[in-house]
Amino acid sequence: MANPQKPRAPFAPWDRRELPGSFSVEETARRVGHYKWAEMKLFEALGGWIATVPELDIKMRLGTHCYKHAWHAELWHKRLPELREMNPERLTLPANDAMVRFIDAMTEPEAPELTIEKLVGVYRVFIPHFISAYTYHLNNTSEITDMPTIRSIKFILQDEFDDWREGEMLIQSLLETPEEVDRAAAHQAKLEKIMLEAGGIAGPGSIGINTPAPQGAMS
Amino acid sequence: MKKFMPVEELARDERFNQITQADRMSDARSAVPANAESTRRSSNRLTPARADASDAARALMHGIFVGEIQALEGAGRTCWDFTTGEEAPFGLKLDMARQAWDEARHVEISLKLGDWMGSDVGQYAENTVLFQAACSNDPVLRLAGVNRALEGLAIDVFTSMKEFGEMAGDPYLEFCEDWMLADEVTHVKMGSDWLRKVTENDPERRKKALEFQSIVDKMFSYGGSRSDSDESSLGIARRFRELAGFTSDENEHIADLGLQALEERKAQIREKQAAAKN
Amino acid sequence: MAITVTPETFSFVSFDSAYIARIANLVAEQLGLTDIDIEIAVDETSPLTRIDVEVTDSLISIRPLSGALEDTRRPRQQSELATTLAMARSMLRARDRLRGGFENAPLDTELSLPQAAAWDTYILGRITRMSIEVKKQAALYNFRNRHGFNDASDHVFEKIWNAETFTWDELSALSANTLTLSA
Ligand SMILES: [Fe+2]
Ligand SMILES: [Fe+2]
């Protein structure tokens, strides 16, 4: 750099971040509150199930994953006051009644023979819905004003992908007969239907609403 | 899934055989000489100098392994059993989730150490006393039972095993125990801090929790297997306990409990052995 | 030859003396110890695993603590494998002393811990080849505890484990050498 006085563009040529975002402060806080609630329900369920699964490898994975989701809940808990919500508990809410029913149905399996159902609920339904809601948020929020949320989502998504892969592999390793494949599919369908009603982790619009884009000025 | 799981429901594969503390105590045999005065005084301390050191270390390692499983389960259950806010603060539950991860690693470490020392999963009976004694339905009592009594015991056990590894020149054992010890000190600290915080304005509840801890501590002295006496296989790791936030009074109390438990066990063994001989 | 087992009935543990005698008989036949009396006295008051063995020209006396015959998964129950192993270990040790080149070995109580571990390795290696299940890793761990956690020690372990005809002098020299290397 020959001349330190020479003006430079404040946004470097490779920095293509955009200012506009789809979410207001309020809307972001609402979503983050739902994320926190859902992550809490997930870590609590994983913690509770540890003692109910006889498979030693799965027991240890659940213990490991339990903490990751607790940490996600903590990240969201800390983000809420930065979004003008000084009482984080006020927004730590389920998106709707269907979400509550989803958690009830997901955490219903308890017996030691039901490891497939437990894992399917988490790794084939719940976590994929986290991944999609977080991805939508990541791709639609302001890359400048909401950078703290983006940073957290990036950390969290890394965990979600890792855990999803691990959970999916555990399920595949448990499925040994066509009947077990049916069991897994039936449970997944049952939960997915409740999730459909809930509209996703943050309620309807968790992953946006897919309508035809405006055709532009010439149409 | 219900709240509060009874110990009999802890899920295990067929390799495991679970026994209760009552089963163990009904065993009239004893490694501790019932009449210490009349027998040639022999140390039961777990050191490499014992002729059966490898066998004893292997058995203790398996005990640690199943203890870690129960600690993992206990920490996980605290995340589930208590409603956030009303029954247990959010931060406390986050700590318990963190502990679940740590205990999961301890199970992994114990499995690797079991392979190293030549034992199989489930080779020894699993005493479920840790979960049974520590998992109270009151979150404060559970903290006292799990994070102070159980984790305190873990500190004593790991210190013994670390010293054993050091003396025997086993680099693998010493390395692993040192890492686990670091985690356990953190767990005790979590327990001490939360116990203080949660009962800040409730001295009655704090007293109850400490009494509960004392009962559990005595149970965990396992009929005399932990005390300052050489007749116990484990000692009391005062230095690490203090690091974890136990006061020296508390450590002396545990030392007293250990000696009491040892004497009671010896009396019990004398009685049972006399009965068996008649 | 005669095999006797005491006590006849057990009160501290659920062991079966006839079963112990049957196993002892099978092992004695396998080891060619059919020309000598064998007396087995179980100390059922201790759960530890030590076994004392004494040998004269006419009698092998085996005194296991009850833990040596026990099923570690089911306290106080007898294990067929543990009993078989205990008998095989004790009788091989006796046979070594009687006619295996161990005539000048010190008494069991006078063996150093490394010497005892080396001899045990030699015994367990041969037991493996009798198709009795032995945990080799556990034997290795014991050997390492007594001779050092290093490659030299592991190498000697393998050598002893695979040996069929060592004398006491050879074995004790190997053990002593390994200790020097590990020091
Ligand atoms: Fe632990
Ligand atoms: Fe711990």
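Two strands are taken to pair if DSSP finds at least two bridges between them. Helices (H or I, at least four residues) and strands (E, at least two) are DSSP runs, numbered from the N terminus. By these criteria, a hairpin joins β3(C) to β4(C) through three residues. The structure is a predicted model, in which local features need pLDDT of at least 70 and side-chain atom pairs count only at pLDDT 80 or more, whereas totals for chains, interfaces and linings use all residues. Residues are numbered from 1 along each chain as its sequence is written, chains are lettered from A and ligands numbered from 1 in the order in which they are written, and side-chain values use heavy atoms, with hydrogens and water left out.

The sheet of chain C is open and consists of four strands in the order β1-β2-β4-β3, with mixed pairing. Its edge strands, each pairing on one side only, are β1 (3-6) and β3 (51-55) of chain C. From one strand to the next the twist averages 10°; here axes are lines fitted to C-alpha atoms, for helices over the stretch in contact, and angles run from 0 to 180 degrees between N-to-C directions. Four bridges connect β1(C) with strand β2 (residues 37-41) of chain C in the parallel sense. C:I3 has C:I38 in β2(C) as its bridge partner. The strands β3(C) and β4(C) run antiparallel and are joined by five bridges, and C:V53 stands opposite C:I62 in β4(C).

Two helices of chain C are placed against these strands. Helix α1 (residues 17-30) of chain C packs on the sheet and touches β1 and β2 of chain C, its direction making about 145° with that of β1(C). Contact means heavy atoms within 4.5 Å. Helix α2 (residues 80-99) of chain C lies across β2, β3 and β4 (59-64) of chain C and runs at about 30° to β3(C).

Chain A contains seven helices and zero strands. The C-alpha trace of chain A spans about 70 × 50 × 35 Å along its principal axes. Two packed helices are described by the angle between their axes and the distance between the axes. Helix α2 (residues 56-79) of chain A packs with helix α5 (residues 115-140) of chain A at an angle of about 30°, the axes being 14 Å apart. This angle makes α2(A) roughly parallel to α5(A); angles under 35 degrees count as roughly parallel, over 145 as roughly antiparallel, 65 to 115 as roughly perpendicular and the rest as oblique. The contact involves A:I58, A:L62, A:H65, A:H69 and A:W76 of α2(A), and A:T115, A:L119, A:Y123, A:I127 and A:Y134 of α5(A). By class, the residues of the contact of α2(A) with α5(A) are seven nonpolar, three polar and no charged (Ala, Val, Leu, Ile, Met, Phe, Trp, Tyr, Cys and Pro count as nonpolar, Asp, Glu, Lys and Arg as charged, and the others, Gly among them, as polar).

In chain B, the axes of helix α2 (residues 53-81) and helix α3 (residues 90-117) come within 8 Å and cross at roughly 160°. The pair α2(B) and α3(B) is therefore roughly antiparallel. Residues in the contact of α2(B) with α3(B) comprise 18 nonpolar, six polar and four charged.

Two pairs of chains are in contact, and chains A and B share the most contacts. Chain A and chain C are joined by no contact, their closest C-alpha atoms lying 18 Å apart. Between chain A and chain B, 30 residues of chain A are in contact with 31 residues of chain B. About 2,400 Å² is buried between chain A and chain B, with 73% given by carbon and sulfur atoms; buried area is the accessible area (1.4 Å probe) that two parts lose on being put together, summed over both. A:L56, A:M60 and A:Y67 supply 24% of the area that chain A buries against chain B, more than any other three residues.

The axes of α2(A) and α2(B) come within 11 Å and cross at roughly 45°, which means that α2(A) is oblique to α2(B). A:L56, A:K59, A:M60, A:G63 and A:C66 of α2(A) make this contact with B:F65, B:I69, B:L72, B:E73 and B:C79 of α2(B). The contact of α2(A) with α2(B) has seven nonpolar, one polar and two charged residues.

The contact of chain B with chain C takes 39 residues from chain B and 27 residues from chain C. Chain B and chain C bury about 2,600 Å² between them, 52% of it on carbon and sulfur atoms.
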